[in-house]
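This report is meant for someone meeting the structure for the first time. Please look at the sequence and the model below, and then read on for a description in short sections.

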Amino acid sequence: MSALVFTLRDTPAQRLDLAPLVPQRLAGMSEGDIAKIELQTTRERVCAGDVFRIALGDAGSIVFEGGSERLDRVGCGMTDGEIQVKGDAGVQAARLMRGGKLTINGNAGPWAASGMKGGTLEITGNAGDRLGGPLAGETSGMRGGIVVVRGNAGARTADRLRRGMIIVEGKAGAHAGSRMIAGTLIVRGRAGSLPGYLMARGTLVLAGGGDVLSPTFADCGVHDFEANALMAAYIKPYSPALADVLRRPWRRLAGDMAVTGKGEIFYPPE
Amino acid sequence: MQHVTVNGIRVDDTFAEAFGMRATALTITAHSEAWARQAALTMTGFGTSVIGCGAETSIDRMLSSDETPDGRPGVRVLLFAVSTAELQKQLQNRVGQCVLTSPGSACFAGLEGEETLKLGNALRFFGDGWQISKRFGDKRYWRVPVMDGEFVCEATTGLTKKAVGGGNLILMGASTQTTLAAAEAAVAAINAVPDAIMPFPGGIARSGSKVGSKYKGASASTNDAYCPTLKGVGNTALDADIASVLEIVIDGLTTEAVANAMRAGLAAALALGPERGALRVGAGNYGGKLGPHHYHLKDLLP
C-alpha cells in the first residue's frame, strides 16, 4: 500500500500545528475526515485540506511533499510508523515522540526532539537551537531514542538531555551538552564555546574539538575506552563514518566540576 | 543388564535421569583470547557440582571477535544452580571475584530471557560512585573505573528455568587408559554441541556418587556399585572384564541440548571401538522417580 501523502499547496499564511497528523491518529480515517483536521495556531481556522492536497494511503507511512519553517510540531507524540518531510520543518519536530521514525529532508527549527522518549529522528539538513532540549518549565529534555543531524546543530544542543543519543555530523553551536543529566551527544565537527556547560552526568563526544573549553573540566588523560566499541556498534547503522571515529583513544575531560563533575567530554587527544 | 552391541561395545538398556535447573550464560571478552579464556577458567573453577560448589559451570565455547558485543575475542560461559537465588549469588560472586579482577575483561549477557539476573547492576557498586551507566538502544551497560581502565559490564543477563542438569554417560573399559580414551573422545564431541557443558575436570568425573551415605551429614558418597576394586565384595554393577569406569555429566540450557550432547558423546565413544576405548556404556539414574528428564541410551544411538 502506498503512503499517505500531504502535498503542500502553498507557503502557509500562519504557523501550523501538525501534531494531529501522526500515524496513530490518522489510522482508519477517511480522506474527508483528515481534510477537516484543524491545524491553525491563530484565530483564523485552517484545516489540513486547506493546506495540503491529500492522497489517501497507508497512515503508517506519511509523506509531506514540500516543507516550510512554519510547519510546527511535525511527528509530535508519534508512537509508530514513519513520517517523511520533503522540505523544512518548524519548531518542536518530534516533540514527545515515543516510537517510529521521522525523517526531515531539510532543516528543522528549534526544540526538535524536545521531550522525545523513543524512536528515531533524522534531519538531513541543519537543526535549530536547543535540539532535544526542554521547553520552559520542564526539568529534563530528551529522554530516549536517537537523533541524527547530518548538518549542523544550533546552540545548547542536548540541553538537559536525560537519556538517549544525539548525533550531529556537522558542527554544534555554543554550550553543546549544557546541563546534561545523562545520555550521549556526539558531535563530529567543531563545537562552539563552553561545551558541557554545567553538565551533571552523561557523555559528550567532541570529535572536532571545541572553541573555548571551560576550566571546570578536569583532564583525566588519554585512554582507550572499551565502552566506545559498544557505542560505535550501536550508532553504526545511523552514522557509519562517525562509528569509525569512535574507535580510537580519547582524552577524557571530567566535569562540569562547577556541578557534580560526574559527566565527561571525550576530546581529541592531540 | 540387558544391552545391545554396537561396534563391539555393549550399550546398556538404561537411561540417564536428569533434573530441572536454573541457568544463565555470559559472554566474557578481553584483549586476547588467552585472557578471555583465563577469566572464564577462573570464574568456572570450583564449579563441578551443586553438591559442594553451589553452581555447576564451565565454558560452552570460544567466541570470535565478530561474535562479541565489543568486537574482542571472547568466551561463552554457562552457569547452573538449583534456585534463582543461588544462581544470582553465584553469578555475582564469581563474576565479581574472577572476571572483574581479570586484566582487560568485560562481561556481557550470554542469554536472552524474559526473566533476568543482575550482572552489572550488582557489580556497579564496586565503582564507589564513579561508575557510569550507558544505555544503547535496549541494552544498558555499566562502566566501572578500575586500575587498568574500565570494567564494562552489561546490566543484566537472561535467566532460563528450562535448563537441565545431570545428563550423563558412564563409560566402562578394560583399563584406565582405554576408558580414559573413550571419555576424552566423548568430551571432544560434546564440546562441539552448543548450550551444553560438562562441569567436571576436563569434562570427566572419576568419582561418580550415589545419594546418601552410611555417615551422618554426608549427602552423597562413592558409587560403590561402579567401583572396580569392590567388584568382589559389594552389590556390583560391573562385569568381570571391566577394570575402570568414568562418568561424563552434562548440563544443558534445554533438554534438547542435553540429548544432543549425550548423542554426540555416545557416538564418539562407540566409534572408538572396544580395543581402543570402552567395552560398555551405561548411564546413571535413580530408578526414574526423582528426575523428570529421562534420556534412554537406545534412543540416542547413532
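## Chain B as a whole

The secondary structure of chain B comes to six helices and 17 strands, where helices (H or I, at least four residues) and strands (E, at least two) are DSSP runs, numbered from the N terminus. Chain B has a radius of gyration of 21 Å, close to the 19 Å that the globule rule gives for 302 residues, so it is as compact as a globular protein of that length. The radius of gyration is taken over C-alpha atoms, and the globule rule is 2.2 Å times the number of residues to the power 0.38. Along the principal axes, the C-alpha atoms of chain B fill a box of roughly 65 × 45 × 30 Å.

This is a predicted model, in which local features need pLDDT of at least 70 and side-chain atom pairs count only at pLDDT 80 or more, while totals for chains, interfaces and linings use all residues. Residues are numbered from 1 along each chain as its sequence is written, and chains are lettered from A and ligands numbered from 1 in the order in which they are written.

## The two domains of chain B

Chain B is divided into domain 1 (3-18 + 162-300) and domain 2 (22-160), with bounds that come from an automatic or database domain assignment. The centres of these two domains of chain B, taken over C-alpha atoms, are separated by 30 Å. To the contact between them, domain 1 of chain B gives 13 residues and domain 2 of chain B gives 15 residues; two residues are in contact if their C-beta atoms, placed from the backbone, lie within 7 Å.

On the side of domain 1 of chain B that touches domain 2 of chain B, the largest share, three residues, comes from strand S11 (residues 156-173) of chain B. By class, that side of domain 1 of chain B has eight nonpolar, two polar and three charged residues. Here Ala, Val, Leu, Ile, Met, Phe, Trp, Tyr, Cys and Pro count as nonpolar, Asp, Glu, Lys and Arg as charged, and the others, Gly among them, as polar.

## Helix packing in chain B

Helix H4 (residues 176-191) of chain B packs against helix H5 (residues 255-276) of chain B at an angle of about 145°, with their axes 8 Å apart. Axes are lines fitted to C-alpha atoms, for helices over the stretch in contact, and angles run from 0 to 180 degrees between N-to-C directions. The contact of H4(B) with H5(B) has 13 nonpolar, two polar and one charged residues.

Helix H1 (residues 33-44) of chain B and helix H2 (residues 84-99) of chain B pack at an angle of about 135°, with their axes 9 Å apart. That makes H1(B) oblique to H2(B), since angles under 35 degrees count as roughly parallel, over 145 as roughly antiparallel, 65 to 115 as roughly perpendicular and the rest as oblique. In this contact, Ala39(B), Thr42(B) and Met43(B) of H1(B) meet Arg94(B), Val95(B), Cys98(B) and Val99(B) of H2(B), and the residues involved divide into five nonpolar, one polar and one charged.

Chain A has five helices and 15 strands. With 270 residues, a compact globule would have a radius of gyration near 18 Å, and the 19 Å of chain A agrees with this. The C-alpha atoms of chain A fill a box of roughly 65 × 35 × 25 Å along the principal axes.

The contact between the chains takes 13 residues from chain B and eleven residues from chain A. Strand S8 (132-136), strand S9 (139-146) and strand S10 (149-154) of chain B each supply at least two residues of the side of chain B that touches chain A. The residues of that side of chain B divide into five nonpolar, three polar and five charged.

## Backbone details in chain A

The peptide bond from Gly255(A) to Asp256(A) is cis, with omega near 0°, and Asp256(A) lies in the loop between strand S14 (250-255) and strand S15 (263-267) of chain A. Ala94(A) has a phi near 65°, a positive value in a residue other than glycine, and Ala94(A) lies in the loop between strand S6 (82-86) and strand S7 (101-104) of chain A.
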